[in-house]
Structures are given as structure tokens and as C-alpha cells.
Amino acid sequence: MGQEIELKLSIRPSAVEAFRSHPVLSSLPSQSSALENQYYDTPDQQLTQSGTALRLRFQGGHCVQTLKTRGSNVGGLHQRDEWEVERPDGQLDLSECPDGVLPEGVAGRLTQLFSTRFNRHRWLVQHQGADIEVVLDEGEVSAGTDSQAISEVELELKSGGLAALLSLAHELTRSIPLVPSDISKAERGYRLLNNAVPINLPLPAIVAQQSMESAFCALFGYELERLQRQWDLFWMTQQWSQVQAMLVTLGNMQTEFEWFSDILPTRHRLQVKAWVGWLEGAIRPLVSWWPACFALSQDACSEPENIAVSLQQAKAIRALEGIEDLASNADFGHTLMSMTQWLHLRSWREDQTEEHKCASEVAVSDGLDRSLSTAWQAFNPDQFAGSTSHALAQYPAVHRLLMLCQYFNTLYSEDLDHYQAELQALEDNLSKLSAMDVVSRLHEWLNDLPLEQQASVYSWTRSQPVLLRDIKQLAGRLFDSRDAVLEV
């Protein structure tokens, strides 16, 4: 058994030549080979549900069987156990698998579900005293008649320290549009097979005596993984909701800085906030042309049905051009890589004072009491009795409370389940209210719609006062129960 430590980055096909010509690689010899991987599982996919992957890899005249566990995966950095064994006959042999890793009862039920075929270009790089294998994979994953392109770079640590691996990735992303990626080839195959795109990342299990620093690393790593998956899934699905979700994730990161401000030196808080701010500034314009980019991006270049559609198509084309520009901007991936490096190396420790260190060691059950109290104090039910704009101004406060309930439900009390459900309903209603507010302002667009469509839209937006009334009632119930929550 060995532990695989690798960093995966996606690369645009248009950037491949620049990558191969990078000074780190251009003077080194490279090896090229064609590979085929066959992935096996039971028909009901017991292996992937248990966090394991089983494959046969064919390269030239050799066949290797590999079994991998899920391990950890944060910011594109994969750390997991793997077992490899030569299989000259090209057949699976479960007797070579260690006891207890495979689920019981899978023998005799395994079948090939999908495969990957790709060309691999390989360099061995020595960087900061470490040996790092750099590979460029170009090909496709296939499941039945469906297929999807593969274009990615992997950096695997063969010897030396993790810091060297992260440093090399940081250097490569400085000038090449490479983006840290948390989606493996196997996961791409399962998504293609199941036609599924949900993120479904389990929340970190935060326990009462866990240190504040440990909790911060777990939660910030969780949001960083979500951010990178949302980006990956947009390109897999072309669903603009994934881009919108990235803004929510970045907002969550900003909130976490507030929760854990006592452990982070000022310089580090400002640096990471600058990274998050840059990403938000780059992404927000892409979704500001609502609802054009959501509804029309797939048909932006088709013949418009009417003037209203034509206007929206023009906005959709701008959104598409904007996201293509962002994908080609090396600063995007470099910013994400900087955050990954900062988190894994816990770079803030080098500048911590004794006060920071003490705050880092405090049990999270004690350290977050102030955050919960502050979040409730920011929640103002009187705002919901006013105009739509006043109610929408409370959206950040509602979202912060919902985050606290979601992340620390078991930490405080299972009684928070009730408040979480109420807050979720309130946030959902505020989202609907925001959509109605936006549509009601699009007078030019509405006036150019056919009369039947105008009537339908106006009918929907007329329910705004009723929705505002429901929001006010929800907010009132939550505020009345606030004292009980603070006593938990």
C-alpha cells in the first residue's frame, strides 16, 4: 500500500501549448503514452458509495489493477490510500485487495461501467528538494454512447514535502490558466453515467472540543472545495446556476473570516479577503444580466423569436464571452491556487501573536458563542414590515444565521433543526422576492413580450405583497424565539 498525494488542475485546450513551453518543463525530457482505464463497480454502484474506486489500467502491453480509497480532497489536493498490482492477464483479481476495504458481497457482481482513454505526457520535475511527477492528460471519458472531454494536469509528489508540491503548482498557475480541480476521472465517469450534477459534499463534522483553528480549516476547506466544484460543474453542464452559486460560496467564506477573526493575523485576513474579493469582482458581472444568461445561453446565437428575445440574447452573448475570458485568465486559477496553498500550509501561523495562538486553541463550542449572539443581533424583524428593499436588506443576516445552524447544529443542540427549517424557508422566500423585484424593474423587456406572456409575468409579480407578508410572519416567529436559541 502507498499513499497518493497529488494535485489536480483543469486546463483549457487552448492553453496546452503554453503549458508545454513553460520554463519549468521546456528544458526537461518528457515521455508520452496512450492509456486506457476500465472502471468497475456493482450495478447499484456499491463501490463508489463506500468511497472506493477499482480500475484496470492498460498501457502498452502492461495491465495494472488499482484500488483507491476516497481519502481527503481539499482545494484540488488529493490524499488517499491506493493499492496497485500487476495483472498480466488483464482481468480483475479481488484476492489481491486488502481485507476490509471493499464492501461485503461485491465479488461476482462487478462489471465495467465506464472507461477513460487519454494521451499522457509526463515530466519528472525536481523542485525545492522534492521529486514531482507532472502529467498532462488529454482524451475522453466514455459511458455507453455518451462521452466527455478530459483536459487536465496532475502533479504527484514522489518524494519530498507537500510545500514543494504546492509551490510548483503556484508557479505554474502564475502564467498558465490552470484551475485547481476536485473532480477525478472516476467521478467524471460516474456523473456521465448517472447524468447527475449535484455537489453533495458532506458538511464537516464539527465537535464541541475541536479547536477553533481546526474548525476554521475544515469549514474554509469545505467552501473552497465547493467553489472549485461549482466552476467544474458549470463547464460540464453549462448551467448558470453553478456560477450564481459561486457568489454564495464566496459570501460564506467572508462570513467565516468574521467567525474566526481572532485566530488570523491582520495581514492574512486582508490577503485572503483580497483574494475572495477579486474572485467575487470577476464573477459577479457574469450573472448580473439576469435572467438572460440563465435562460438563453444555450440558444444565444439562434434566430430570435421577437425583439424581447433579441435583447436578451445580446446580454447572454456578453455573459458567454465574459466567462470565456475568465477561463482564459491565469489570475483566476492562480488566485484559487494561492488560497489552496495558504490553507494547506496554515501560513497564518508564522505571524500569530500569543493572543492569536490562544484563540486558535480555544474549544469551538466556546469560541463561537459570540458569533451566534452577533448574528442574532444583526437580525432585525422590523425591517421585514417595511418595503421590499428593506426586507431584502436583511438577506445577509438571514443567510449568516442559516450558516450557523447548518454548520453547528450538533454542536449547540438538535433543537436548532427547527430554526434551520424556518431560516431556510425565510431565505427561500427572500430569493423569490428578489427575483420578483428584478423582473418588475425590467419594464422595457416586459413591454416587448407578447400580451399573454406579459399577463403571466404580471400575475406572478402581483403576489409580491402576499410573499412579503409571509416573510414578515416568518421573521417575527424567529425573532420571538431568539432568546431560547441564545440560551442553548
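A nonpolar core is here a set of buried Ala, Val, Leu, Ile, Met, Phe, Trp, Tyr and Cys residues joined through side-chain atoms within 4.5 Å, where buried means under 20% relative accessible area, exposed over 50%, and partly exposed in between, with a 1.4 Å probe and protein chains only. The model is predicted, with local features needing pLDDT of at least 70 and side-chain atom pairs counting only at pLDDT 80 or more, while totals for chains, interfaces and linings use all residues. Residues are numbered from 1 along each chain as its sequence is written, and side-chain values use heavy atoms, leaving out hydrogens and water.

The largest nonpolar core holds 64 residues, among which Phe 216, Phe 220, Phe 260, Phe 332 and Trp 342 touch the most other members. Several helices (DSSP runs of H or I, at least four residues, numbered from the N terminus) each supply at least two residues of this core, including α6, α7, α16 and α17; α6 gives the most, with 11 residues.

| Item for α6 | Value |
|---|---|
| Length of α6 | 26 residues |
| First to last C-alpha of α6 | 37 Å |
| Buried residues of α6 | 21 of 26 residues |

The expected span is 1.5 Å times one less than the number of residues. Just after α6, Gln 238 takes a positive phi of about 60°.

With contact taken as heavy atoms within 4.5 Å, and residues up to four places away in sequence not counted, Phe 220 touches Met 253, Glu 256, Phe 257, Val 272, Met 339, Trp 342 and Leu 343. A second, separate core of 27 residues includes Leu 7, Val 16, Ile 132 and Leu 166.
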